[in-house]
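Take a walk through the structure below. Keep the sequence at hand as you read.

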Amino acid sequence: MSAVMWFDDELRQLEERGLRRRLRTVESAQGREVVIDGRPVINFSSNDYLGLAAHPALVEASQRASRDFGAGAGASRLIVGNLAAHDALEQTAARLCGAEAACLFNSGYHANVGTISALAGRGDVVVSDELNHASIIDGCRLSRAQVEVYRHGDVADAERRLASASGARRRLLVTDSLFSMDGDRAPLVPLSELARRYDALLYVDEAHSMGTLGPGGRGVAAEAGVVPDVTVATLGKSFGSFGAFVLGTASLREFLVNRARSLVFTTGLPPSVLGASKAGLELVFGDEGERRRRQLQQNVARLAAIVGELHLGNAPQSQIWPLLLGSESRAMTASSALFEEGLLGQGIRPPTVPEGACRIRFTLTATHEPGDMDRLRNGLSALRHQGLLLHEEKR
Ligand SMILES: *Cc1c(COP(=O)(O)O)cnc(C)c1O
């Protein structure tokens, strides 16, 4: 059997299990409305939470940086690819986030894989929430440390695992701050106490919360009054660009520059991205960001009212709200029905979520208008009338 047939076979099996994924082509810029298959739909699936991905300030900064520094970095940062624009972006990120230093990575995926595998190794224990992002899971695997996965948000389970790791060389406690598929927060206050008590580094991934939540948009840890040893933030979500940075001490930054393989062995981010990211950071942590965060919170409040009115389950705790639907087919049918109404709510299936926990992951942005929220309400109400909602069966 040839290799091609082997892949075809696997794809057929995915199809039969309702798990085959397909790329969908967006024929417009990212925004509250996008064009898919030639038709405009209101976008309730984007991570561009503040609506900056197509902002003119980012586009112009990106063009300016290309003119000044060229289209590509030309080498890895440690060879000859560390441009003044990389340094400027790191300094801006550190200053605006109130950290001693920031270390730039090419994406959040690179940041987690490289940082976790640099901070933990053989003889160490990583204690990790079961719903942590895939890039954290991959970083744990790559580290070759012993990985202890605790039940989602379960501080007692995390403590048991830290206590039993007292003989390990080092301990790392890792969590998302805002979970990407459920929109709930990690219990950072008790987790930070555990980290202190059991001599573990506290590592917090703020991919979905830096820029949107907390005082001045500085994240869920700041909101909880916790200062993690290591904070990861991505530039591809609220900041409208691409890339990521790790916040911590200057020595952490130096250590990562020396030891994070996903930084050492990859070409530096291109100038266009660096320019857009810097402009994104300045907008997010300025008055414009403050204004957009208020609009986003108004939309979250409107969604909470809709969820209550239509009895759709748990109220949203952030801009991410899962409508739990159970099976693959139910989630995909509901997603298609919404699409027919001009609403984009992406169905999410395993392995992104556990078996039987398929859902539509709705995300709100600052740019959604009151009329968009009304259309969402009507779309959700139609799902109820079509008998596609779980809660209805229970009643
Ligand atoms: C999106 C995400 C990442 C990956 O970031 P990219 O920049 O998209 O690679 C990492 N961690 C979490 C929690 C995320 O949601």
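This is a predicted model: local features need pLDDT of at least 70, side-chain atom pairs count only at pLDDT 80 or more; totals for chains, interfaces and linings use all residues.

The ligand is surrounded by 13 residues, and the closest are Gly-108, Tyr-109, Asp-205, His-208 and Lys-237. A backbone N or O atom of Gly-108 sits 2.7 Å from an oxygen atom of the ligand. For Tyr-109, a backbone N or O atom lies 2.9 Å from a ligand oxygen. Asp-205 uses its side chain instead: a polar atom there is 2.6 Å from a nitrogen atom of the ligand. The protein covers 84% of the 380 Å² of accessible area that the ligand has on its own.

What makes up this shell? By type, it divides into two nonpolar, eight polar and three charged residues. Helix H5, residues 108-119, gives the most to it, with three residues.

Move on to Glu-206, in the loop between strand E7 (200-205) and helix H9 (220-224). This residue is buried yet has no salt bridge. The nearest side chain of opposite charge belongs to Arg-185, 8.4 Å away. The Glu-206 side chain does reach the backbone nitrogen of Ala-221, at 3.0 Å.

Where does Arg-185 find a partner? Its salt bridge is with Glu-223, the closest N and O atoms being 2.7 Å apart. Glu-223 lies in helix H9 and Arg-185 in the loop between strand E6 (171-176) and H8, so the pair ties together parts 38 residues apart in sequence. Both ends are partly exposed: Glu-223 has 39% relative accessibility, and Arg-185 has 30%.

Side chains of opposite charge can pair when their charged atoms come close. The structure holds 25 salt bridges. One of them stays within helix H7 (residues 155-163), where Asp-157 and Arg-161 are four residues apart, about one turn of the helix. Their closest N and O atoms are 3.1 Å apart. Asp-157 is buried, with a relative accessible area of 3%. Arg-161 is partly exposed, at 24%.

Another salt bridge joins Arg-197 and Glu-159, at 2.9 Å from N to O. Arg-197 is exposed, with a relative accessible area of 51%. Glu-159 is partly exposed, at 25%. Elsewhere, salt bridges link Arg-77, Glu-90, Arg-253 and Glu-254 in a network.

Now turn to the backbone. Most residues other than glycine have a negative phi, and most peptide bonds are trans. Which residues depart from this pattern? Asp-37 has a positive phi of about 50° although it is not a glycine. Asp-37 is placed in the loop between strand E1 (33-36) and strand E2 (39-43). With a relative accessible area of 62%, Asp-37 is exposed. His-311 also has a positive phi, near 55°. The loop holding His-311 runs between helix H13 (287-309) and strand E10 (320-326). His-311 is partly exposed, at 48% relative accessible area. The peptide bond from Pro-350 to Pro-351 is cis, with omega near 10°. Pro-351 is in the loop between strand E12 (346-348) and strand E13 (358-363).

End at Glu-328, in helix H14 (residues 328-340). Glu-328 is buried, with a relative accessible area of 15%. Its C-alpha atom is 8.2 Å from that of Arg-17, a residue 311 positions away along the chain.

Technical notes:
Residues are numbered from 1 along each chain as its sequence is written. Side-chain values use heavy atoms; hydrogens and water are left out. A residue is near a molecule or strand if one of its heavy atoms lies within 4 Å of it. A polar contact is a pair of N or O atoms within 3.5 Å; within protein, one must be able to donate a hydrogen and the other to accept it, and residues adjacent in sequence count only if both atoms are side-chain atoms. Accessible areas come from the Shrake-Rupley method with a 1.4 Å probe; for residues, only the protein chains shown count as cover. Helices (H or I, at least four residues) and strands (E, at least two) are DSSP runs, numbered from the N terminus. Ala, Val, Leu, Ile, Met, Phe, Trp, Tyr, Cys and Pro count as nonpolar, Asp, Glu, Lys and Arg as charged, and the others, Gly among them, as polar. Buried means under 20% relative accessible area, exposed over 50%, partly exposed in between (1.4 Å probe, protein chains only). Lys and Arg count as positive and Asp and Glu as negative; His and the chain ends are not counted. A salt bridge is a side-chain nitrogen of Lys or Arg within 4 Å of a carboxyl oxygen of Asp or Glu.
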